[in-house]
Amino acid sequence: MKQKRNSSIQEGILYHKHPLLQGGNMKIHQLFIICMLACLSLLLTDPVTEAALSEADQTCLGCHSMEQHKTLGNGDKLSLKVNPGEIENSVHGIIGCSACHGFTADSHPQRTFKSRKEYSAIAARRCTTCHSPRDNKIHEKVISRESSKTSCTDCHGAHSVMRVSELSKGNQYCLTCHKWEISLHFLNGTRDTAKVQESVLKESVHKNLSCVDCHVRVYSELHPVREFNSKRDFSLLMAENCKRCHFDKYTRTLEGIHFKASEKGNTKTPFCTDCHGSHAIASAQKDKLANAKKCSQCHADIYTVYAQSVHGAALIKENIEDVPVCSDCHKAHDNAGPHTSGFRITVPQICAGCHAQKEIMAKYGLSTKVVETYLQDFHGVTLKFYKQYGQTEKQIAVCIDCHGVHDIMKIKSGNAASIKQNLTKRCQKCHEGATANFPDSWISHYEPSFKKASLVFLIDWGYRIFIPFMIIGLLVQIILHLWRYAVNR
């Protein structure tokens with residue numbers, strides 16, 4: 001109590017003796033204003049000045065604050081200018097130039113370098129004196145390799161070194177390292193790069209997603225080191241993440257021929273990233289030609305045949321995207337085997353997807369009657385019954401049997417003879433002994449007219465006239481018979 005009392009007395013003595021405090025509250029206000037102005041002046045003062053740097057650093061900046069370059073062995077010019085502000089705001093601002101570069105202004109050796117990359121690699125060795133790569137498994141794996149082209153400054157910067165927590169967030173955080181040529185080494189001895197182009201991400205359909213949305217269990221605080229036998233194994237694992245958002249598409253692939261082949265041990269069957277890509281993911285419906293070319297990676301022979309067909313030529317040479325591509329007929333995810341009975345029975349429906357559309361066919365002067373005439377003739381009616389009663393194993397002629405599968409040609413082209421020959425072979429599978437003239441008994445998909453199939457046209461109209469005449473005559477006879485019966489009674 002006594003000590004506290006003495007302190008209060010001392011404060012009172014100072015209060016009465018201080019010239020600004022003598023005179024009451026008015027001088028207290030003046031003191032407050034003076035203090036506020038002093039604080040404001042400190043805030044307005046630019047903290048990034050050479051005076052804030054050490055004397056040794058200012059000596060270095062005496063030359064390196066000016067614009068100057070060093071010519072490297074490959075002819076590139078390396079800028080030697082240093083921004084004092086970058087050093088001041090850097091986490092290494094308290095270290096000084098000599099601590100990282102290893103020499104002073106008084107002892108400044110002349111060194112030559114072959115390239116900018118060699119200079120960065122040699123300069124980055126000084127980082128390991130304080131930061132051991134073993135502290136971070138990713139750093140140890142990337143930097144310790146002699147073949148690595150990545151150095152510390154590529155990701156963290158040279159003079160404006162930032163803490164990891166202060167680096168850009170989102171995709172920019174990951175691109176701090178992955179915009180460089182970081183090598184991936186697999187256990188089978190193959191290599192790949194982990195470089196990702198920001199422009200590719202911006203053009204992707206996943207541009208609104210972040211890296212960690214797909215690369216789960218990888219984030220700023222934890223970046224596990226994982227070993228894979230090959231790039232294929234890594235891609236297979238990454239494709240599993242697709243079903244987190246596209247589960248409906250994933251369930252369809254379980255019914256497809258590709259998945260069934262992979263179950264039998266075929267490791268070359270395609271999965272998500274093989275068709276859609278990894279970072280440059282694009283909509284398969286916007287660029288049909290690119291979609292077809294992806295299938296050619298495994299089915300090159302079939303793609304070559306398709307490119308010469310009426311559909312492929314229209315797409316490749318004339319850029320007509322109304323024509324079908326692989327996924328239009330075989331489906332994208334639940335693709336069925338073309339040699340199965342279940343696929344054959346759906347062929348007319350697949351072809352009708354385009355050839356029954358009046359808007360599409362009108363563009364190219366084609367008729368939609370090709371579908372109608374098939375469904376009305378013997379083959380189409382029989383197929384309808386087979387499908388209705390589940391007898392898919394029974395064979396009946398469908399579109400691809402006559403027109404071909406991937407090598408579809410124009411009927412009116414110079415290949416008419418070969419088309420007729422193929423048609424005869426198909427007829428002989430069901431009609432034994434069919435000759436070359438056998439297909440002529442079928443008027444194809446034409447509607448009979450006086451110029452085309454005139455005999456069929458006349459018989460058809462004969463029936464149209466004769467049958468109604470017979471029915472009307474029969475009704476008249478019945479009416480007259482009833483009338484006579486009523487009168488005579």
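Is Lys363 buried or exposed? Lys363 is exposed, because its relative accessible area is 56% and the cut-off for that class is over 50%. I will come back to this residue once the rest of the chain is in place.

First, the model as a whole. The protein chain has 489 residues, and 19% of them count as buried. There are 27 helices and 4 strands. The accessible surface comes to about 35000 Å², with 59% of that belonging to carbon and sulfur atoms. If you take the contacts with a separation of 6 or more, 52% of them are between residues 24 or more positions apart.

Next, confidence. The mean pLDDT of the chain is 78, and 83% of the residues reach 70 or more. Which element has the lowest mean pLDDT, and which the highest? The lowest is helix 1, residues 2–17, with a mean of 37. The highest is helix 17, residues 300–307, with 93. Over residues 1–27 the pLDDT stays under 50, and the model has 14 contacts beyond four places in sequence for this stretch. Residues 41–51 are also below 50, with 8 contacts in the model beyond near neighbours in sequence. Where pLDDT is low, the predicted coordinates should not be read in detail.

Now the salt bridges. A search of the whole structure finds 14 of them. I will go through some, starting with Lys231 and Asp192.

The side chains of Lys231 and Asp192 meet at 3.2 Å, N to O. Lys231 lies in helix 12, residues 231–239, while Asp192 lies in strand 4, residues 191–193, so this pair ties together parts that are 39 residues apart in sequence. Lys231 counts as partly exposed, at 43% relative accessibility. Asp192 is partly exposed as well, at 26%.

Lys249 and Asp248 also form a salt bridge, with 3.2 Å from N to O. Lys249 has a relative accessible area of 30%, so it counts as partly exposed. Asp248, at 40%, is partly exposed too.

That brings me back to Lys363. What is its partner in a salt bridge? The partner is Asp322, and the closest N and O atoms are 3.3 Å apart. This pair links distant parts of the chain, 41 residues apart. Asp322 sits in the loop between helix 18 (310–316) and helix 19 (326–330), and Lys363 is in helix 22, residues 358–363. Asp322 is partly exposed, with a relative accessible area of 26%, whereas Lys363 is exposed, at 56%.

Which residues make up the nonpolar surface patch of about 1300 Å²? Among them are Leu455, Ile459, Tyr463, Phe466 and Ile467. The list also includes Phe469, Met470, Ile471, Leu474 and Leu475, along with Ile478 and Leu482. Take Ile471 as one example from this patch. Ile471 lies in helix 27, which covers residues 454–488. Its relative accessibility is 46%, so Ile471 counts as partly exposed.

Technical notes. Residues are numbered from 1 along each chain as its sequence is written. This is a predicted model: local features need pLDDT of at least 70, side-chain atom pairs count only at pLDDT 80 or more; totals for chains, interfaces and linings use all residues. Side-chain values use heavy atoms; hydrogens and water are left out. Patches are made of residues with over 30% relative accessible area and no salt bridge: like charges are joined within 9 Å, nonpolar side chains (Val, Leu, Ile, Met, Phe, Trp, Tyr) within 5 Å. Accessible areas come from the Shrake-Rupley method with a 1.4 Å probe; for residues, only the protein chains shown count as cover. A salt bridge is a side-chain nitrogen of Lys or Arg within 4 Å of a carboxyl oxygen of Asp or Glu. Helices (H or I, at least four residues) and strands (E, at least two) are DSSP runs, numbered from the N terminus. Buried means under 20% relative accessible area, exposed over 50%, partly exposed in between (1.4 Å probe, protein chains only). pLDDT is the predictor's confidence in each residue, from 0 to 100. Contact means heavy atoms within 4.5 Å.
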